[in-house]
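I'll start with the salt bridges and then zoom out.

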Amino acid sequence: MKAKEYLQQIKQFDTVIKQKEREINELKAMSTSLGCADYSRERVQTSHSNEAPFVTPTNQLIDLEKEIQREKAILVGKKHKIISQIQGLKNSKYVEILYMRYVDFSTYEKIAAELSYSVRYIYIIHRQALHSFEKMYLDLFDAK
């Protein structure tokens, strides 16, 4: 794992959490909607299940909400650790650029506009910042 992949963990966790939150919204809609009866077909006697049709989505919803809470806790811990590591760099430009890129999820163009630099210069400083990050936290990247 390189520094860039390591720093991108925040975005990956954030994306997974957002996807699961969308899934929760779908399950909520499923659990609150009622199906309509189709009386145009033949009537067939069926055995009744112990569970109402909305119980399964509701159970899935509860499990997914618990899973999201666990993942949010992991994200908060990872995010705090990575922010502390970024802030441990000696060069303030490196800190600012890495923070904007990997914590705020800003594009290179947005970073360049905010800092009044060219995009090309941001690419150069970003590469240097990653190299400095790797050197400072070499033990994170040596074993992998």
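**Salt bridges and helix packing**

So, K72 first: this lysine is partly exposed, with a relative accessible area of 30%. For burial I'm using under 20% relative accessible area as buried, over 50% as exposed and partly exposed in between, with a 1.4 Å probe and protein chains only. Before going on: this is a predicted model, so local features need pLDDT of at least 70, side-chain atom pairs count only at pLDDT 80 or more, and totals for chains, interfaces and linings use all residues. Residues are numbered from 1 along each chain as its sequence is written, and side-chain values use heavy atoms, with hydrogens and water left out.

What does K72 pair with? Its side chain meets that of E21 in a salt bridge, 3.0 Å from N to O; the term means a side-chain nitrogen of Lys or Arg within 4 Å of a carboxyl oxygen of Asp or Glu. K72 sits in helix α3 and E21 in helix α2, 51 residues apart, so this pair links distant parts of the chain. Helices here are DSSP runs of H or I, at least four residues, and strands are E runs of at least two, numbered from the N terminus. E21 is also partly exposed, at 30%.

There's another α3-to-α2 pair. E67 and K20 form a salt bridge with the closest N and O atoms 2.2 Å apart. E67 lies in helix α3 (residues 55-87) and K20 in helix α2, so the pair ties together parts 47 residues apart in sequence. K20 is buried at 16%, while E67 is partly exposed at 27%. K20, E67 and E71 are linked in a network of salt bridges.

Then a local one: D14 and K18, at 3.2 Å between the closest N and O atoms. They're 4 residues apart in helix α2 (residues 9-32), so about one helical turn separates them. D14 is buried at 15%; K18 is partly exposed at 43%. In total, the structure holds 4 salt bridges.

Zooming out, we have 7 helices and 0 strands. How do α4 and α6 pack? Helix α4 (residues 92-102) and helix α6 (residues 119-136) meet at about 100°, axes 9 Å apart. That makes them roughly perpendicular, the label for 65 to 115 degrees.

Finally, buried residues make up 30% of the 144 residues.

Conventions
Axes are lines fitted to C-alpha atoms, for helices over the stretch in contact, and angles run from 0 to 180 degrees between N-to-C directions. Angles under 35 degrees count as roughly parallel, over 145 as roughly antiparallel, 65 to 115 as roughly perpendicular and the rest as oblique.
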